[in-house]
Amino acid sequence: DPLSWMLVLTQMSAGGFIGCAIAMWMNLMTLPQAALTSAAALTAGLAGVALSTLHLGQPLKAWRAFLGWRKSWLSREIMAFGALPAGGLAIFATWWLGNMEWMRLAVTGTAAAAVLAVWCSVMVYADTRRPFWSLSHVAAKFLGTMLMLGAGLCAVVWSLAGMAVAGWALAFTLVCRWSLSLWEISSYRRALEDETCAWYKSALVLQKHLS
């Protein structure tokens with residue numbers, strides 16, 4: 001499903017940039033290591049954006065999505081993710097110049113743009129006003145997966161680069177993974193047992209078809 005892969009990869013990208021920015025501000029990596037981590041995060045993000053066009057009924061008309069940015073969260077999401085290539089160019093330029101300070105700012109700015117794009121993804125669902133896609137529910141899920149996938153990406157890249165901090169990234173990934181799973185399972189069970197819950201019917205559907 002292109003939509004699922006788009007959400008996974010773009011959230012992984014945003015989380016990867018966040019991890020890279022934090023490590024850079026804490027002076028835990030060198031310029032080449034920061035470039036490698038940024039490249040991995042950027043690759044995931046661009047792959048997600050590319051796959052998103054396959055979800056559209058008419059991919060060749062995807063450019064028209066920009067026209068509705070004043071009212072449509074989907075249009076805003078597309079525009080926000082469109083900033084990733086620009087962020088990648090800025091990071092590449094600062095790496096080429098060998099300026100760690102400028103690169104730190106470029107990575108942080110790209111991370112902020114990616115998080116904004118993920119927030120637009122959250123609002124695409126929350127704007128439907130469906131109980132199961134409430135703002136708090138979707139935001140918690142997307143935030144959790146963004147941090148988990150980003151930390152996982154950083155753990156893999158940093159492990160390959162021989163960085164000691166890779167262990168901490170892996171530990172954080174596992175903490176996010178189990179925390180998110182336990183929260184989702186407990187929320188699902190509470191909804192299933194409470195007929196007054198706003199998404200009780202959604203819980204029944206999950207029990208019947210995805211048990």
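Colleague: Which residues make the nonpolar surface patch of about 910 Å²?
Modeller: This is a predicted model: local features need pLDDT of at least 70, side-chain atom pairs count only at pLDDT 80 or more, and totals for chains, interfaces and linings use all residues. A patch takes residues with over 30% relative accessible area and no salt bridge; like charges are joined within 9 Å, nonpolar side chains (Val, Leu, Ile, Met, Phe, Trp, Tyr) within 5 Å. Areas are from the Shrake-Rupley method (1.4 Å probe; for residues, only the protein chains shown count as cover), and a salt bridge is a side-chain nitrogen of Lys or Arg within 4 Å of a carboxyl oxygen of Asp or Glu. The patch is made by Trp25, Phe92, Trp95, Trp96, Leu97, Trp102 and Leu105.

Colleague: Which helix gives the most to the nonpolar patch?
Modeller: Residues are numbered from 1 along each chain as its sequence is written, and side-chain values use heavy atoms, with hydrogens and water left out. Helices (H or I, at least four residues) and strands (E, at least two) are DSSP runs, numbered from the N terminus. Two helices, α4 (83-97) and α5 (100-126), each supply at least two patch residues. The top giver, with four residues, is α4.

Colleague: Why does Phe92 count as partly exposed?
Modeller: Phe92 lies in helix α4. Buried means under 20% relative accessible area, exposed over 50%, and partly exposed in between (1.4 Å probe, protein chains only). Phe92 counts as partly exposed because its relative accessibility is 49%.

Colleague: How many helices are there in the protein?
Modeller: The elements run α-α-α-α-α-α-α-α from the N terminus on. There are zero strands, and the number of helices is eight.

Colleague: What is the radius of gyration of the protein?
Modeller: This radius is taken over C-alpha atoms, and the globule rule is 2.2 Å times the number of residues to the power 0.38. For 211 residues the rule gives 17 Å, and the protein comes close to that, so it is as compact as a globular protein of that length. Its radius of gyration is 19 Å.

Colleague: Why does Ser38 count as buried?
Modeller: Ser38 belongs to helix α2 (residues 31-52). Leaving out residues up to four places away in sequence, Ser38 touches Phe17, Cys20, Ile91, Met103 and Val107. Ser38 counts as buried because its relative accessibility is 3%.

Colleague: What separates the C-alpha atoms of Ala41 and Ala111?
Modeller: Ala41 is in helix α2 and is buried at 0% relative accessibility. Ala41 and Ala111 are 70 residues apart along the chain. Their C-alpha atoms are separated by 9.6 Å.

Technical notes. Contact = heavy atoms within 4.5 Å.
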